[in-house]
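Student: Please take a close look at one residue and its surroundings for me, and then follow up with a few other local features.

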Amino acid sequence: MKRLRYSSINSILMIFIGVILCACDALITSKVDADGIVYCSEGSPAGFNPQLDTFGTTVDASSHQLYDRLIDFDQTTGEIVPALATSWLISPDGKTYTFQLRKKVAFHQIESFTPSRYFNADDVLFSINRWRLKSHPYHQVSGGRYPYTDSLNLNKLIKSVKRLNGYRVEITLQKRESSFLANLATDFAIILSAEYANTLTSRNQQQLIDTKPVGTGPYKLSEFRQDQYIRYVKHPEYWRTDKLTDKLIFDITPSSSLRLAKLITGECDAIALPAHSELEVVKQQDNLVLDEEPGQNIGFWAFNTTKPPFNNPEVRRALSMAIDRNALLEAIYFDSAIAAKNIVPPTSWAFQADVRKVNFNPITAKKILRDNGIEDGFSMTIWAMPVKRSYNPNAMKMAELIKGYLQEVGVQVNIVSYKWSIFREKLTQGLHDSVLIGWSADNGDPDNFYRPLLSCAAIESGTNRAMWCSKEYDQLINEALDYSDIEERAYFYGQANELLAEQLPLLPIAHASRYQAHRKELKGLVINPYGGIRFAGVTKN
């Protein structure tokens with residue numbers, strides 16, 4: 001309890017300092033008219049196309065502000081609902097999906113591009129075929145990596161995408177897959193403008209499709225300054241009936257205490273990822289609202305299984321046994337998370353409570369390490385995210401705590417961190433020994449955890465941080481997709497859970513609650529259970 005009290009006092013002091021700084025600093029976002037919304041975000045996006053990046057900063061800045069998808073998830077019920085597709089039919093064999101498209105949906109008009117037509121089937125074909133086909137003229141633009149779709153092997157699953165007419169599209173799969181519609185509703189399945197792409201090709205400016213975006217979403221990108229701010233303006237021809245503010249600004253503020261200070265002073269209307277040590281401060285403010293939802297996420301410690309000795313499951317188990325996860329939860333999450341047993345949270349029907357446990361036992365851990373040739377003085381790296389995420393609000397502090405535990409069993413730790421953009425790039429290259437990171441669900445299907453995090457295909461796509469490839473595991477999770485019945489699918493996921501508990505390519509640590517703090521005058525902002533924040537329909541009094 002003394003540690004918690006100290007943390008709370010320290011947070012309050014930091015917030016007071018932040019309030020003083022906010023009052024003295026003439027920031028770009030300090031004066032916004034009454035019809036504008038300022039959101040204090042935690043970092044800069046890698047770009048403005050979520051097809052290319054799975055990290056939250058990119059998804060928040062792009063997916064629901066700039067674009068739409070064929071189908072969406074209802075933020076309240078989690079059900080799949082129409083979006084750019086008004087309806088769809090599925091063939092009896094479950095392999096062919098026919099989508100009827102919405103008419104009179106306008107793309108953004110920007111300074112360098114004026115669309116001559118509405119959204120149609122050509123845009124669907126362009127958007128899907130870009131990540132699906134290596135022969136597509138835009139596939140290699142911006143690097144040719146599509147982490148989410150590649151991790152699921154969607155490029156191999158889809159047999160063809162056909163234009164039946166201007167407003168009807170048919171997608172045929174190689175085999176039935178029960179999670180296909182859910183994947184089409186994720187943040188990454190955005191629809192781009194084929195006409196804009198053709199225009200950029202004629203100018204030899206193809207790379208601008210991902211940095212000067214054109215979508216059908218509620219807002220248009222106006223201006224972006226790295227590590228400072230993102231400005232958006234209302235899309236005047238937006239097809240939905242949602243109310244929109246004239247302006248939307250992302251004030252990029254990496255410091256959590258400074259974000260909260262800006263919220264208190266009114267410089268921000270909402271903030272990203274309030275620190276768990278600051279939640280009581282938010283609750284005590286009469287003019288602030290704190291929303292909370294159970295987290296569809298997992299924070300974990302992943303071992304690079306391509307590097308000795310981390311390719312040895314006994315070594316991975318010993319390192320995991322050296323860690324007191326309950327102490328990590330208390331120190332990092334402040335009672336706002338539950339201990340993880342699987343990679344899926346308890347709210348998932350694939351969760352399994354009775355899997356093999358990893359108990360805190362440093363004496364046994366040290367013996368296992370010695371039995372496997374790991375002597376006193378062995379050194380390893382722990383990479384710690386430089387940004388806060390709901391699944392791990394303080395990776396640096398967690399790394400320090402783990403370092404202390406590992407010292408007790410004779411293992412020396414070097415903590416590695418970089419600027420967020422560099423961290424992501426180097427992590428994808430597999431330069432780490434281990435990493436503290438996590439995953440937030442993009443849909444309610446458990447496949448959204450099992451394949452992106454640990455499948456063989458997800459190594460190349462960059463979402464498998466353990467670099468672990470198991471043919472047995474892949475076979476289990478792929479067989480689960482052959483069935484639509486939950487009980488049948490749960491059998492295969494149960495087998496996968498047992499295999500993960502035995503092999504431990506990663507140590508599940510916590511499923512954290514999600515929090516969203518905003519000023520009372522902001523109306524309509526809700527926690528999106530599956531994916532990035534949405535500002536369409538959010539207004540200010």
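**Around serine 461**

Tutor: Apart from neighbours within four places in sequence, serine 461 is in contact (heavy atoms within 4.5 Å) with Arg145, Pro147, Asp150 and Ser151. Please bear in mind that this is a predicted model, where local features need pLDDT of at least 70 and side-chain atom pairs pLDDT 80 or more, while totals for chains, interfaces and linings use all residues. Numbering starts from 1 along each chain as its sequence is written, and side-chain values use heavy atoms, leaving out hydrogens and water.

A polar atom of the serine 461 side chain lies 3.2 Å from the backbone oxygen of alanine 458.

Asparagine 204, by contrast, is exposed at 61% relative accessibility. Asparagine 204 belongs to the loop between helix H7 (194-202) and strand E8 (219-225), and has a positive phi of about 60° despite not being a glycine. Leucine 273, also not a glycine, has a positive phi near 45°; its loop runs between strand E11 (270-271) and helix H9 (279-283).

Elsewhere, the peptide bond from proline 308 to proline 309 is cis, with omega near 0°. Proline 309 is in the loop between strand E13 (297-303) and H10.

Methods
Polar contact = N/O pair within 3.5 Å; in protein donor to acceptor, adjacent residues only side chain to side chain. Helix = DSSP H or I, 4+ residues; strand = E, 2+ residues; numbered from the N terminus. Buried < 20%, exposed > 50% of the residue type's maximum accessible area, 1.4 Å probe, protein only.
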